[in-house]
Amino acid sequence: MANEQIFVGLEIGTTKISVIVAEARADDQISILGVGETPSRGVRKGEIVDMETVTECVREAILDAEDKTNVEIGNVWVAITGAHLASFNNRGSLALPGERQIETEDLEAVEVNAKEVAIPTPNTFLHTILQAYHVDGNQNVIDPLKSEGALLEADFHIVHGIKTRIHNTLRCIESLKIGIEDVVLSSLASAQVVLSQDQKNYGALMIDIGGGTTDYLVYIDGAIRHSGVLALGGDHITNDISVGLRLPIARAELLKIEEGSASDPAVSQGGIISLKNDPRFLGCDVDRISLETIIHLRVKEIFELIRRDIESSGEGMMDLIRGVMITGGCSKLKGIAQVAEEVFDIPVELTRARNVSGATQIFEDPQYSTAIGLTKYARLVTKNIAPESMIDRLAHGLGNLFKKRSR
Amino acid sequence: MSTSPSRRILVGVGNAGVTVLDLLSVECPGMTGLLAVNNDRDSLNASIVREKIEVPEGDPGEGFRVIDEEFGRTVEGASAVILCGGLGGETGSFLLTALAIRAKSAGLTTMACVGMPFSFEGKHKRDLAERSLEKLQEICDAVLVIGNDQLSGGSPSIAAVGEAFVLSDRTLLAALLALTGMLSTSGPVKITRADIHNVLGKPGVLTHFGFGKAEGSNRLHESLERALKSPLLTMPGKGSTLKESSMILLLLRGAKDISFAEVQAVVGKIEQIAGDNCQIKVGVHADGPLGSPLELYLLASSGGTVRKPAKPSESNETGETNSSNSSISRIGTTGTIGTKSPQSTGGYEMPPEHSEGEKGTGELFPNQTKPASKFGKKAATASKQMQGTLALDTYQRGRFDKSEPTIVEGEDLDVPTFLRKGIKLNTPTRK
């Protein structure tokens with residue numbers, strides 16, 4: 001197997017750092033060879049706050065992955081998240097004098113045109129993702145190349161974020177003498193393995209609830225219409241429990257995993273959860289309804305914030321979404337799908353990486369969706385064969401931030 | 001400061017007021033125009049403020065005479081009087097109102113900067129304080145109120161009682177600095193007396209005040225963050241109170257090199273929190289030596305009732321408003337506005353040279369007739385309750401205490417949802 005067919009995805013999460021080593025198979029599937037993992041320290045709300053500690057954790061995770069897969073890791077694809085990331089949709093247009101054939105350079109020029117908008121000075125573009133082409137008012141042209149026209153227009157979904165914060169992630173990996181292929185918005189990576197092409201065409205909202213952040217992405221007609229990052233996640237639920245029930249953070253985390261439920265406390269079975277004494281903790285009795293109230297309110301609020309954000313980003317967008325897919329470590333929380341259904345009022349499904357093969361226990365766990373998604377994304381971007389869908393093609397247009405930076 | 005300091009007199013009233021003036025003399029050694037008024041001889045003797053008036057205790061008639069004569073003589077020729085003290089005590093409550101009446105009758109702009117007692121000081125004190133506050137708000141052009149109870153919302157209840165009072169004095173000092181700083185802003189971006197009156201001049205109004213100080217390369221963000229975290233700018237469970245305000249006064253004070261971009265960044269951030277309907281007035285005091293720390297003061301209010309029509313003595317303020325509206329749009333559009341008359345706290349101002357930045361003038365103009373804010377009475381009553389019943393430990397961010405806050409739609413989402421929604425829980429029973 002040629003070396004370029006091996007892809008490594010690295011996600012520096014708030015709870016854990018995961019490295020997925022995958023191999024692209026001839027039938028276009030991704031086969032996972034192994035995963036390296038360490039608990040994450042020095043990351044808060046998806047962003048690096050302690051460079052040295054994080055670098056050490058990443059090193060451990062990479063070594064772990066090399067150990068398990070027997071692959072020497074040279075280059076990685078990195079996921080990026082954080083509340084500093086923002087997005088918007090913009091249309092670029094290009095007049096073609098004398099109604100000539102559209103060339104590849106024209107497609108590039110129209111993308112540059114779409115990016116000619118003011119973003120805050122500390123920010124830099126992360127992705128410019130194609131939504132659709134229009135030629136002379138002919139909407140949604142699949143491939144305008146070689147067709148004739150006087151006016152080429154293109155809609156893009158543009159993601160930008162604070163330059164220094166993105167660079168921090170890159171610097172941390174560079175200091176380990178590991179090359180970076182590209183940085184990818186976390187939700188974009190997850191969506192590659194969590195959503196099927198049908199779902200993307202049909203209209204879907206993907207929500208990836210992690211430890212420090214909740215990343216979400218809206219696909220309509222096969223193209224990304226909206227994306228967002230909320231600096232809220234499982235850590236907040238744990239903190240709420242810790243504050244509300246006066247428990248140490250570690251005990252609150254355990255309680256959340258073992259007994260936590262996001263379902264409406266009105267239908268709770270009620271009763272008391274008895275927490276046992278242990279050497280560092282004096283046992284106590286916890287009211288189950290209180291626990292469920294705390295979790296329910298927080299989870300519901302997260303979904304409501306996402307809903308409001310989508311509604312305010314485009315009129316009628318919410319009506320075009322036919323289903324919600326929830327993934328990420330926090331999606332393992334009991335009752336979370338019902339809460340989402342209540343808020344979004346459309347079918348909700350808990351999901352994880354699909355269309356991949358390899359060690360089953362890895363891709364069946366929703367907390368690896370982003371890291372696995374990175375390898376799939378890498379496969380789509382580097383693939384040389386003719387693009388089979390819009391998504392594959394748009395991938396070529398993605399901003400390769402790292403290369404630009406090192407030039 | 002560009003104005004002659006003698007034109008503005010800071011009066012520390014009662015023990016609290018005198019303490020604050022002492023702190024001020026230590027903080028800004030060269031400051032003049034300070035006056036300590038008290039009926040406690042020991043406190044006055046201990047004070048380092050040079051000018052003092054002792055009001056005899058126990059004889060109201062004699063007290064009034066002293067105030068009328070001695071105080072009247074001292075403030076003669078001044079342009080503004082700022083009273084500072086703690087309400088609730090017999091001394092502070094009585095003297096503050098008496099002095100305010102005297103200053104006002106001399107036709108001076110009179111402002112007050114007062115602290116409300118902690119709830120643990122008892123109901124009697126609280127009632128007395130509230131009555132005096134009502135009176136003060138009637139008399140003065142602007143009253144800045146520091147609710148001591150709210151202060152403790154920021155620091156945990158384990159704080160020693162002594163520390164609580166020190167914090168209260170410190171905050172009162174900062175408020176006094178903010179008020180004097182705003183009064184004496186000059187140059188292209190300034191805050192006028194009318195603006196201050198607009199924000200703090202309505203009876204029953206609830207003051208929101210925040211300040212932050214920082215130095216170094218990230219001074220702006222650090223000071224803004226500190227100011228925004230100020231307990232007087234947050235409502236338990238509701239996030240920033242700035243979004244309830246129709247006008248926000250922002251004072252930046254520091255080294256000469258405060259840049260245009262910095263001012264713009266801070267205003268942008270505040271706008272984000274406060275919403276589009278809010279008007280932000282900016283004053284910049286950039287006369288400190290290079291490298292001096294940046295101080296940032298935020299002043300806003302919510303609630304309150306409409307004030308009765310303007311008194312004749314306030315007419316020059318309205319004129320001032322007209323000519324020196326330093327609304328944010330001006331910063332954005334003009335960089336070349338002419339130098340102002342040096343007497344910025346005086347009466348006359350040069351007429352505006354630009355008209356494109358005057359967007360806000362219409363609503364700003366006769367501010368006394370401005371309709372009550374959209375929150376009206378409801379907010380006023382709600383906020384009153386809030387001051388009294390705030391439990392000391394309701395405001396908690398837990399493990400996120402030291403991390404960058406997640407603020408969406410103006411709410412601090414690091415605070416547990418159930419706390420923000422005010423939902424009661426059964427606390428666990430220890431075995």
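## Terms and basis

A residue is called buried if 20 or more other C-beta atoms lie within 10 Å of its own, exposed if 12 or fewer do, and partly exposed in between, with C-beta atoms placed from the backbone. The model is a predicted one, in which local features need pLDDT of at least 70 and side-chain atom pairs count only at pLDDT 80 or more, whereas totals for chains, interfaces and linings use all residues. Residues are numbered from 1 along each chain as its sequence is written, and chains are lettered from A and ligands numbered from 1 in the order in which they are written.

## Chain A and the interface

Chain A has 14 helices and 19 strands, these being DSSP runs (H or I of at least four residues for helices, E of at least two for strands) numbered from the N terminus. Of its 407 residues, 51% are buried.

Counting two residues as in contact if their C-beta atoms, placed from the backbone, lie within 7 Å, 27 residues of chain A are in contact with 20 residues of chain B. On the chain B side, α15 (417-420) and β15 (429-430) each supply at least two residues.

## A parallel sheet in chain B

Chain B contains an open sheet of 6 strands in the order β3-β2-β1-β4-β5-β6, with parallel pairing; two strands pair if DSSP finds at least two bridges between them. The edge strands, each pairing on one side only, are β3 (51-54) and β6 (142-147) of chain B, and the twist from one strand to the next averages 15°.

Within this sheet, β4 (residues 80-86) and β5 (residues 109-116) of chain B are joined over 7 bridges in the parallel sense, with Val81(B) opposite Thr110(B). Helix α4 (residues 90-105) of chain B packs on the sheet, where it touches β1 (8-13), β2 (34-38), β4 and β5 of chain B, and its direction makes about 170° with that of β4(B). Such angles run from 0 to 180 degrees between N-to-C directions, the axes being lines fitted to C-alpha atoms, for helices over the stretch in contact.

## Helix α10 of chain B

The buried residues of α10(B) are Val266(B), Ile270(B) and Ala274(B). They cover an arc of only 70° around the axis, which puts them on the same side of α10(B); the arc is that of the directions from the helix axis to the C-beta atoms. Their cover includes α9 (219-229), β10 (247-255) and β11 (279-288) of chain B.

The face turned away from the buried side of α10(B) carries the exposed residues Phe260(B), Ala261(B), Gly268(B) and Gln272(B). After α10(B) comes Gly275(B), with a positive phi near 95°.
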